[in-house]
Amino acid sequence: MDLFDYMRQEAKKKESPLAARLRPTTLDEVVGQQHIIGKDKLLYRAIKADKLSSIIFYGPPGTGKTTLAQVIAHTTAAEFTSINATTSGKKDMEAVVEAAKQTLGAYGKKTILFIDEIHRFNKGQQDYLLPFVEDGTIILIGATTENPYFEVNGALLSRSIIFELKPLEADDIKTLIMRAITDSEKGLGSYDAVIDDDALDFLADIANGDARSALTAIELGVLTTDRAEDGKIHITIDVASECIQRRVIKYDKDGDNHYDTISAFIKSMRGSDPDAAVYYLARMLYAGEDPKFIARRICICASEDVGNADPMALVVATNAFLAVERIGMPESRIILSHAATYVACAPKSNSAYGAIDLAMAEVKNNTTRPIPTHLQDAHYKSAGKLGHGIGYEYAHDFPNHFSHQRYLPDGLEIGDFYRPGNLGYEQVINEYLDKVRNDK
């Protein structure tokens, strides 16, 4: 390295974005991802022992893929080099491989190649690496935001260990923000800044697991906010919301506003107002409500308030719940809107809800009534001697697949529990029941 390279490196340390300057250099400095770098985990032990095999880091932006690669770079005795697949090509890989061969031959040192955004390489580019990963010329560390099972060649995957990184928890983000504010060497400690608790909570929540987003916001806040009379830079919730370009909505996830909003959402679907439903949906999503919580409430409404008036409502709601779990935000907002507007526009019936509550009350408040003998199980030995199952009429042997046999215990009558309405598919149910019951 000549003098100019050294000066460039020193300037880069000072002028790089906060998120880059704060990147840990040791495992103990890493925040979050304990499911893969906890002290009893394989990756932690492999890094500590400097015994890495080829690996792929997979996860959303800002979760620490590049950070872990940098930790490995500072920990390993192997030669470490990195390229970005968005700006590099086969020639760059050829140069790395050639240098790796020379390093291995001359010094007996292995080379670790970190490829960021590895999914950007096409099949041919990825195939080029395969023989050199296979023979140990290089140890590959790939990082991708895309599912590697779809975007990385199967041959490379079979020779690599996949580690999935999760979005950071809100408490992890808070730890990083406070580290940024107090660290005088790599962070913003020399600015003598303080952050209000509600601003800290807001940034940690709105970052949605992305550390880079939160650190970029706090850096902008500190660098653009005037000092107060006490000489300190105060990061208030107004400053925080301006820096991250998100308006603060008063929405305490454990308080009245949370329950008021979800209540309004459900009542809007029940009241067949899709506009109000998506409005309250938007308020919850904007404030950072858990999409899975909203999806659960849509499922409940689909059964409680729509029921058999449109049996497809529960199908739509349940599949929306599954899709939300698999896809995540921001795309899940469309899925939730799809389900909420369907439920809001569906014909309504609470007959199924009423039926189970009436039946539960009957079971709770009255003596348990004996099951009619002809309905009792006749499959076990000696059941016939007790008369179990004798006289049972198999419904499919009768016209319309309906027998007029009695199924309720004595003392209970048809209509005591399920009373279908006259809207949507329940009108069809009513017509069917009237036909088979009255067709002697």
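This section describes the aromatic pairs and a nonpolar surface patch of a predicted model.

A search of the whole structure identified three aromatic pairs. In one of them, the ring centres of Phe57 and Phe163 are separated by 6.3 Å and the ring planes meet at 45°, so this pair is classed as tilted. Phe57 belongs to strand S1 (residues 55-58) and Phe163 to strand S5 (residues 161-164); the pair therefore ties together parts that lie 106 residues apart in sequence. Phe57 has a relative accessibility of 0% and accordingly counts as buried. Phe163 is likewise buried, with a relative accessible area of 9%, because the cut-off for this class is under 20%.

A further pair is formed by Tyr128 and Phe132, whose ring centres lie 5.3 Å apart with the planes at 55°, so that this pair is also tilted. Tyr128 and Phe132 are both located in helix H7 (residues 123-134), where a spacing of four residues corresponds to about one turn of the helix. Both residues of this pair, Tyr128 and Phe132, are buried.

On the surface, a nonpolar patch is formed by Tyr353, Ile356 and Met360, which together have about 310 Å² of accessible area.

Conventions: Residues numbered from 1 in each chain as written. Predicted model: local features only at pLDDT ≥ 70, side-chain atom pairs only at ≥ 80, totals over all residues. Heavy atoms only, no water. Phe/Tyr/Trp six-rings, centres within 6.5 Å; stacked < 30°, edge-to-face > 60°. Helix = DSSP H or I, 4+ residues; strand = E, 2+ residues; numbered from the N terminus. Buried < 20%, exposed > 50% of the residue type's maximum accessible area, 1.4 Å probe, protein only. Patch = residues over 30% accessible without salt bridge, like charges linked within 9 Å, V, L, I, M, F, W, Y side chains within 5 Å. Areas by Shrake-Rupley, 256 points an atom, 1.4 Å probe, with all protein chains shown as cover. Salt bridge = Lys/Arg side-chain N within 4 Å of Asp/Glu carboxyl O.
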